[in-house]
Amino acid sequence: MSRSHRHGRKRGRRAAPLSGARIPFARQIRFSGQGDFLIAATYVVVASLLGGGAASWGLAYIALVLTTIVMAGLFAWRDGLVSFTRLPLPAAIALPGIAIVPLLQLIPMPPALWQALPGQELRIGTLSLVGLQDTWQPLSLEPVATSLIALLAIGFVAFTGVLLRLNRAQFRRLLAVASIMDVIQIAIGLLQVVSSGQPQFYSLRQGATMLGLFANKNHLAIVIACSIA
């Protein structure tokens with residue numbers, strides 16, 4: 001065997017570990033893609049289970065808001081809002097605007113500005129009773145409720161961004177997860193109809209009404225209508 005041939009075999013043996021080193025990196029890429037699916041699927045399940053009640057700071061909405069914050073943080077860390085660049089320009093501007101609009105309503109404004117807005121007479125009269133008519137006030141009349149809406153709007157924007165990162169197969173699996181949650185809602189609703197409202201998840205009794213995990217029958221009706229498609 002010639003020296004050059006033996007040298008070539010040695011170089012070939014040295015190259016083998018380098019090719020094997022690519023396998024963990026490939027697995028990491030596959031896990032990254034599945035991570036986006038897991039984030040989206042988890043948010044669908046949590047929102048379906050906990051998001052059907054009144055929009056207030058109860059335990060269910062606190063858990064939903066915490067999940068929203070984690071989901072939005074993971075999306076921003078993994079994607080950096082790059083997925084929004086795949087949208088047409090009007091959509092790329094309008095989608096973040098869904099979260100920006102309620103946030104703008106929380107910014108305090110000087111008295112001369114908010115008092116000049118239409119429909120502020122009752123507000124001015126109420127604040128005058130406690131001497132606060134000349135203080136800075138936000139546009140929102142219910143800052144706490146607006147804050148909750150802003151957080152959930154941020155979650156919607158981040159969730160849409162995660163959907164843009166999914167491939168076709170992952171998106172179809174996410175639809176399957178959503179369909180399973182819909183079947184659970186319908187099954188609970190049928191049980192409520194035949195048992196005069198049991199199980200009851202909220203204080204307002206509505207009798208033999210198909211509610212599922214929602215507080216309003218119209219919400220479950222929308223879910224059923226969307227499930228048909």
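Reader: Let's start with the charged side chains. Which side chain does R165 meet in a salt bridge with D36, and how far is it from N to O: what's the distance?
Author: The R165 and D36 side chains pair up in a salt bridge, at 3.0 Å from N to O. R165 sits in helix α7 and D36 in helix α2, so this pair links distant parts of the chain, 129 residues apart. Bear in mind that this is a predicted model.

Reader: Noted. Is D36 buried or exposed?
Author: D36 counts as buried, because its relative accessibility is 5% and the cut-off for buried is under 20%. R165 counts as partly exposed, at 23%.

Reader: How many salt bridges does the structure hold?
Author: There are 3. In one of them R78 pairs with D36, with the closest N and O atoms 3.1 Å apart. R78 belongs to helix α3 (residues 59–79) and D36 to helix α2 (residues 22–50), so that bridge ties together parts 42 residues apart in sequence. R78 counts as partly exposed, at 27% relative accessibility.

Reader: And what does D79 form a salt bridge with?
Author: D79 pairs with R165, and their closest N and O atoms are 2.9 Å apart. That links helix α3, where D79 lies, to R165 in helix α7, 86 residues away. D79 is buried, with a relative accessible area of 8%.

Reader: Which residues are linked in the network, then?
Author: D36, R78, D79 and R165 are linked in a network of salt bridges.

Reader: Nice. Changing topic: at what angle do the axes of α4 and α7 cross?
Author: Roughly 170 degrees, with the axes of α4 (residues 89–104) and α7 (residues 143–165) coming within 8 Å. Angles over 145 degrees count as roughly antiparallel, and α4 and α7 are therefore roughly antiparallel to each other.

Reader: What classes of residue make up the contact of α4 with α7?
Author: By class, 12 are nonpolar, 2 are polar and none are charged. On the α4 side they include L95, I98 and L103, and on the α7 side I149, F156 and V157 are among them.

Reader: Last one: where does pLDDT stay under 50?
Author: Over residues 8–32, and the model has 3 contacts beyond four places in sequence for that stretch. Where pLDDT is low, the predicted coordinates should not be read in detail.

Reader: And what does the protein average?
Author: The average pLDDT is 83, and 85% of the residues score at least 70.

Definitions and conventions:
Residues are numbered from 1 along each chain as its sequence is written. This is a predicted model: local features need pLDDT of at least 70, side-chain atom pairs count only at pLDDT 80 or more; totals for chains, interfaces and linings use all residues. Side-chain values use heavy atoms; hydrogens and water are left out. pLDDT is the predictor's confidence in each residue, from 0 to 100. Contact means heavy atoms within 4.5 Å. Axes are lines fitted to C-alpha atoms, for helices over the stretch in contact, and angles run from 0 to 180 degrees between N-to-C directions. Helices (H or I, at least four residues) and strands (E, at least two) are DSSP runs, numbered from the N terminus. Angles under 35 degrees count as roughly parallel, over 145 as roughly antiparallel, 65 to 115 as roughly perpendicular and the rest as oblique. Ala, Val, Leu, Ile, Met, Phe, Trp, Tyr, Cys and Pro count as nonpolar, Asp, Glu, Lys and Arg as charged, and the others, Gly among them, as polar. A salt bridge is a side-chain nitrogen of Lys or Arg within 4 Å of a carboxyl oxygen of Asp or Glu. Buried means under 20% relative accessible area, exposed over 50%, partly exposed in between (1.4 Å probe, protein chains only).
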